[in-house]
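Hello,

Here is the structure I said I would pass on. Please have a look at it first; my notes follow below.

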Amino acid sequence: MSSTLAGWLQALALVGALALCYRPLGDYIAKLLTSAKHLRVERGLYKLVGVDGDADQRWPVYLRSVLAFSALSILFLYGLIRLQNHLLLNLGVPVMEPHQAWNTAVSFATNTNWQSYSGESAMGHLVQMAGLAVQNFVSAAVGIAIVAALIRGFTRNRTDRVGNFWVDLTRICLRLLLPLSIVFALVLVANGVVQNFHGFHDIVTLGGDTQSIPGGPVASQEVIKELGTNGGGFFNANSAHPFENSTGFTNWLEIFLLLVISFSLPRTFGRMVGDNRQGYAIVAVMGIFWVASAALITFAESQHSGSALQAAGAAMEGKEQRFGVAASGLFAASTTLTSTGAVNSFHDSFTPFGGGLTIFNMMLGEIAPGGTGSGLYGMLILAIVAVFVAGLMVGRTPEYLGKKLGGREMKFASLYILTTPALVLIGTGVAMALPGERAGMLNSGPHGFSEVLYAFTSASNNNGSAFAGITVNTPWYDTALGLCMVLGRFLPMVFVLALAGSLAQQQPVPATPGTLPTHKPLFVGLLSGVVLIVVGLTYFPALALGPIAEGLH
Amino acid sequence: MPKPLPTSVRTHFTALRMLLVMTVILGIAYPLLVTGISQVAFSDKANGSIVSSQGKEIGSSLLGQNYNLPKKNPDDADEQAQPDPQWFQPRPSAYNYDPKSSGASNLGPNSEDLLKNVEDRRAAVAAFDGVDPATVPVDALTASGSGLDPHISVAYAEEQVARVAKARNLSADTVDKLVAKYTEGRSLGFLGQDGVNVVLLNKALSEQK
C-alpha cells in the first residue's frame, strides 16, 4: 500500500470512528449534565466534601467555586513539586526551582501542560500520578463544566441559576473521564505503553553500552493526557517516546482520544437545547477546519520545503519511523486544533508552512474541535458574534436560540475574543524587545521569531506544545508564560459565565420569519467566515513576520 | 456559639476537600488499579518489553540503541564514536539513545546546522555502507522525534545488508532473511509506517551460529 493511500485511510478511519461516537457519547454527556439523580458514591462524596448536590448556583457563585478550586489546585501542585524530595517514589530528582514549579503548577491546572522541565529528570512517579495526572482529569472537567453552564444559559429562562459546579465536576470525572480512561489505558498497555512503578533500570546493550530503561505509571497518565486534551508528556519526547506511543495503532488511538470528547460535545449542546440540528451545524464548522488543516499540514510536510529538508529528501527530522509523515501531520493538526499540545513529532523541524499552520490552528482559539469544553464555548462565542454580524446586516436585534443578544451579551463576547490576542501579541512583543529573552531562540531569523510567537500563542491558548528549540526554563519565561496561561484560561471563563448568567435571566423570544436560522448551511458558512476573519486576521501581521516570511524566502 | 465562617473561606475549604478526594480517587486508586491489572494481564509490555539474549537482558524492543566500536581512549570525552560494521546501525539521535533524556534536535527546516548535519551524515553513511551518497535513505539522515526510535526504513536496512554480512562472514541471503523477519508492517495494515526493528534484528544477528 502506498504511503498516500495509507495516510488517507487512517484519516478516514478517524472520521468514521468519531462519527460513530458522536451520538452515543454526546447524548451520554447531556444526560449526565442534566440528570437530577445522584449515584450513591456521589452522594457519599458530596457529604464528605460538604456540598448540597441539589442546590444550583448563581453564576458568580459558580465562578467563585471554579476559581477557588483552580487556585487550590495550583497551590497544592506547587507544594507537591517543591516537596517531592521528601515524598515516596521521587527517584532522587533534584528540587525544582520556584519559577519552574510555578510554571508547571499553573500549566497543569489550566489544562495547558506547557512543560519547561523534562519529565525524565525532573519528576518522580508520585508527583506525576497524584499531582499532574489528577489535574489532567479535573482541568478537563472544569472546561466541560463551564460549557455546561453556558448551555444552561440558553436552555433556562428567567432564572439566576446556572448549575452546581461541584456536581458537574464530580459527574464529569467519575462518570465520563474515569471509566473511559481505565478501558483505554489497558488498551495502550496491551500495545506496549508501560505501566509500572520502576525507576531507571540499567542493562548492558549488545553494543557494550549501559542503557537506563525508564519506568513509571505511564499508560494511566497517557490516556487522560489525550482524552482530557491536556498534552503533558510523562517523558520529554512526549507522544514521540516509544514508551508513551508504541505503534502506528496507539498513535491513531491517541489522536482519536484527544478528539472524541470535543467532537461529541456539539451533540450534547444540540440535545440540551432541544434541537439536534444546532449541534450538527456547530460540528460541521469544527469538521471543516479540522479536515482542511490536517490536509494542508500533511501536504506541506510531504513537500518538505526548506533547504535542510530538501537536502535530506523528506521532512523526517523530528519524526518517528513508525509514524511517518502522514500520521505525524494528522497528529500535529489535531493536537493544535484542540488544546492538547501533545506531540508525536517535533513541530520546530516542520516545514515553514506546516509549522506555521500549527501556530495558526492555536490562534483560531482552539475551537475545531478545541479543548474539552473550552472548544465548544469558544465556538459558541463565535456563533454569537456571527449571529450579531448577520443581525447588523439586516438591521434587527439578533437572537440565538431564542435569546436576545443585546449590548451586555456582546460586551462579554467581545471581551472573550480580545483576551487571547492581547496576551499573545503583547507577550511576544515584550519578549522580542528584551535581548536576554531573544537569546532563548535556538534557530535564527524568522524561524527564531516563530519560536517565541509559538510559545506565547501556545501558553495563552492553553495548548502546551512548542517549537521546542527555544530555551524557556528561565525566571522570565517561566513567569511570563505562566501569567499568560492563567489569564488566558480564567479571564475567558469569567466572560462565559457572566454571559451564561445574562442569558439565563431572559424570557425567550419566539422565532419569527425574520429570525436567522442557525442550523442551515448558510450559517455554517457564515460562522466559518467569522472564525477566519475575526480571529485569523488579528494575527496576520505576526504570522507574516514568522512562518510566512520563512516560507516565502 | 462560634460565628460561622465567611462564604469565601467556606468555598475554599470545600474546594480543598474536593481536591483531596479527587486526588485519592484519580491520583492513587486509579493508577494502582490500572497497574494491578496491567501487571497481571500484560506484564511483559507493562514492564517495558524487555528483550533478553542468552539469559541476559539486552534492552527494550521499543527503545533504540547505539552500536559503536569501543573507544580507542575511554577517558577522552571528545572522541567521536565510530559505528561498528558488525551491527545494523540505527537512525541518528539528538540524545545519543540515552533514555534519561529523550527528545529531538528541534533544528528548523532552513537551519544551517541541520543542513550541515544532513550533508555530513550522507557522506559518512555512504562511505560506511559503500553506496552512492544519492541513494542514502532519509531516515539515515535525520534525527528522530524521541531520540530513541527503534526502527529504520526497509531501504536503510537493505543498504546495510552487504556490509553486515561481510563483517560477520555470513551470506547476504541469511542477513536478508533476518531483515525480512524483523520488518514490521503498518499496524492493521494501514496505520503508521513500516520499518525494521533494529534491536530485534541485531539480537537475532548475535544469535546466528
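Start with two helices of chain A. Helix H15 (residues 407–433) of chain A packs against helix H18 (residues 475–504) of chain A. The angle is about 175° and the axes lie 9 Å apart. An angle over 145 degrees counts as roughly antiparallel, so H15(A) and H18(A) are roughly antiparallel to each other. Keep in mind that this is a predicted model.

Which residues meet there? From H15(A) they include Phe412(A), Leu415(A), Tyr416(A) and Leu423(A). From H18(A) they include Leu487(A), Leu491(A), Phe495(A) and Leu499(A). By class, this contact has 15 nonpolar, five polar and two charged residues.

H15(A) has another partner, helix H14 (residues 374–394) of chain A. These two axes come within 10 Å and cross at roughly 125°. H14(A) is therefore oblique to H15(A). The crossing is left-handed. On the H14(A) side, the contact uses Ile381(A), Ile384(A), Val385(A) and Phe388(A). They meet Glu409(A), Met410(A), Ala413(A), Tyr416(A) and Ile417(A) in H15(A). That contact divides into eight nonpolar, no polar and one charged residues.

Now the two chains. Chain A puts 101 residues into the contact and chain B puts in 85. On the chain A side, helix H7 (residues 165–190) gives the largest share, nine residues. That side has 54 nonpolar, 38 polar and nine charged residues.

Last, chain B. Its domain assignment gives domain 1 (7–44) and domain 2 (51–206). The centres of domain 1 and domain 2 of chain B are 41 Å apart, taken over C-alpha atoms.

Best wishes

Methods
Residues are numbered from 1 along each chain as its sequence is written. Chains are lettered from A and ligands numbered from 1 in the order in which they are written. This is a predicted model: local features need pLDDT of at least 70, side-chain atom pairs count only at pLDDT 80 or more; totals for chains, interfaces and linings use all residues. Domain bounds come from an automatic or database domain assignment. Two residues are in contact if their C-beta atoms, placed from the backbone, lie within 7 Å. Helices (H or I, at least four residues) and strands (E, at least two) are DSSP runs, numbered from the N terminus. Ala, Val, Leu, Ile, Met, Phe, Trp, Tyr, Cys and Pro count as nonpolar, Asp, Glu, Lys and Arg as charged, and the others, Gly among them, as polar. Axes are lines fitted to C-alpha atoms, for helices over the stretch in contact, and angles run from 0 to 180 degrees between N-to-C directions. Angles under 35 degrees count as roughly parallel, over 145 as roughly antiparallel, 65 to 115 as roughly perpendicular and the rest as oblique. A crossing is left-handed if the near helix is turned anticlockwise from the far one by less than a right angle, and right-handed if clockwise.
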